[in-house]
Amino acid sequence: MRTTTSPNTSAISGRWRRVSASALGTAALVLAGIGTAAHASAVPTATLKAPSVAKTAAGKVTWAATPCAVPKHKGDLACNSYRVTGGTTAFQKERAAVTGKSAGVTPKAASASPTGYGPSDLQDAYGLTDAASSNGSGETIAIVDAYDDPNAAADLAKYRAQYGLPACTVANGCFKKVSQTGSTTSLPTADSGWAQEESLDLDMASAVCPNCNILLVEATSSSMANLGKGVNEAVSLGAKFVSNSYGGGESSSDTSYDSSYFKHPGVAITVSAGDEGYGAEYPAASKYVTSVGGTALSSSSTSRGWTEKVWNTSSTEGTGSGCSAYDAKPTWQTDTGCAKRTISDVSAVADPATGVSVYDSYGVTAGWYTFGGTSASAPIIAAVYALAGTPGSSDYPVSYLYSAADTSALNDVTSGSNGTCSSSAAYLCTAESGYDGPTGLGTPEGTDAFTG
């Protein structure tokens, strides 16, 4: 099983590897919420790791993987999220500088008020304030996750009320929750780990596109087959923007999964790049999706007011990136160090130490938490696509980003790395000017890079 560690601790990187059923059972019993994921060939059981401690501008912050990072069954995929358990987040430190008061996150307990970045922070950081105010009406963002969150609607209402966002309820037609077959009554088994993931995803979609409708599609389990059916159901119900915050190791079946679940022209499908540092993950490797990497986001004295670098805590924790072993390189991707599909395409905040505020109540103390991981960045980018408007009916919207490469429509992230890769293709794991693996083409600066 897997827990997080300090930057100098060595351990087996395992989130995208298949582990034995007995190892998974032990993981769930010993340390719920912190473990490996599965989707590839068998490897030895991953070793235990201690909770992460990041020394950032915000001071020491600790976090642990959310429970959905432990697959319930062999072959299941894992969510890509972390929940802060202690310390002072970037948001708190920045507010303390204004108010003269400071407060830390109480370990393993909810806070009475937000402790992470909220809608105004994210909109400002990515040049979206005006678009978020005026765009998005009539657009639907779909969130695909596994299992049921019984409190999804109520928790979403709490988040939106806190920040003064328009109500998004079942009653007013803005929010809808369905199973992978489209049923609103026959829903999957409830799961407190995936409920945290669902709260994170719903809140990030709301933060960036408060005028959008939201469709939550809950898969029966976290298998690729069921999550993939969830994607298909989201599209069949009319969503043009579909966020997926999960992943696993690549396999020779991935190209067939591409055709079965992700080949939807006219739909912007975003997928988190993974949280275990350098190394390819599926479905982020699908040539039909937008793979979303992660950054550390902090306020700064620059004209933008914000600065970003590659999110990386250790050799086994940070944003994913890499060169696919199976998926062909799409025509719009022209980097030369990878003959096949390269991860990522674009990025947004993911570092838990500079994390986002989330309200959650199912299976935990009801209240405010701070989350990170590329599970946060994927719905943020899906919402940016929604602000930009409906994609062309025959387009794969990931291609829009490459048309905007090296323009002011994207914030180029040029510092940090997420691991070690060959010197001949160092950009696959190290940020540089222009395209690189960890952050893709950069982060949003408005919506111009997200429309055809």
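A: Start with E308 and R304. Their side chains meet in a salt bridge, at 2.7 Å from N to O. The model is predicted, so this geometry is a prediction too. E308 has a relative accessible area of 9%, which is under the 20% cut-off, so E308 is buried. R304 has a relative accessible area of 23%, so R304 is partly exposed. In general, side chains of opposite charge can pair when their charged atoms come close.

How many salt bridges are there by this rule? The count comes to 6. Two others deserve a look.

One of them joins R95 and D121, whose side chains meet at 2.6 Å, N to O. This pair ties distant parts of the chain together. R95 is partly exposed, because its relative accessible area is 32%. D121 counts as buried, because its relative accessibility is 9%.

Now the R341 and D345 pair. Their side chains form a salt bridge of 2.7 Å, N to O. R341 is buried. D345 is buried as well. S344 lies in the loop between β16 (340-343) and β17 (346-349).

Which of its residues are buried? They are A90, F91, Q92, E94 and A96. These buried residues pack against four elements: β4 (82-87), α3, β12 (290-299) and β13 (306-310). After α2 comes G100, with a positive phi near 80°.

P283 is placed in the loop between β11 (276-278) and β12. The peptide bond from Y282 to P283 is cis, and its omega is near 15°.

Y147 has a phi near 70°. Y147 is found in the loop between β5 (140-146) and α5 (152-162). With a relative accessible area of 6%, Y147 is buried. D406 has a phi of about 65°. D406 lies in the loop between α10 (398-403) and β20 (410-411). Buried or exposed? D406 is exposed, because its relative accessible area is 70%, over the 50% cut-off.

One more loop residue is H264, placed between α8 (254-262) and β10 (268-272). H264 counts as buried, at 16% relative accessibility. Leaving out residues up to four places away in sequence, H264 touches V231, N232, V235, I269 and Y396.

The largest nonpolar core has 103 residues. Those with the most contacts inside it are I141, V242, Y246, F262, Y385, L401 and F450. Helix α9 (residues 374-388) gives the most to this core, with 9 residues. Take Y385. Beyond its neighbours within four places in sequence, Y385 is in contact with F241, A268, T270, T290, P397, V398, Y400, L401 and F450. Another core lies apart, of 10 residues, including A69, Y82, V84 and A353. In soluble globular proteins, nonpolar side chains tend to be buried together.

Step back to the whole chain. Its secondary structure comes to 10 helices and 21 strands. Of its 452 residues, 62% count as buried. Among contacts with a separation of 6 or more, 76% join residues 24 or more positions apart. The chain exposes about 14900 Å², and carbon and sulfur atoms supply 51% of that area.

Finally, confidence. The mean pLDDT of the chain is 88, and 86% of the residues reach 70 or more. Residues 1-50 are another matter: their pLDDT is below 50. In the model, this stretch still has 151 contacts beyond near neighbours in sequence. Where pLDDT is low, the predicted coordinates should not be read in detail.

Notes
Residues are numbered from 1 along each chain as its sequence is written. Side-chain values use heavy atoms; hydrogens and water are left out. A nonpolar core is a set of buried Ala, Val, Leu, Ile, Met, Phe, Trp, Tyr and Cys residues joined through side-chain atoms within 4.5 Å. Buried means under 20% relative accessible area, exposed over 50%, partly exposed in between (1.4 Å probe, protein chains only). Helices (H or I, at least four residues) and strands (E, at least two) are DSSP runs, numbered from the N terminus. Contact means heavy atoms within 4.5 Å. pLDDT is the predictor's confidence in each residue, from 0 to 100. A salt bridge is a side-chain nitrogen of Lys or Arg within 4 Å of a carboxyl oxygen of Asp or Glu. Accessible areas come from the Shrake-Rupley method with a 1.4 Å probe; for residues, only the protein chains shown count as cover.
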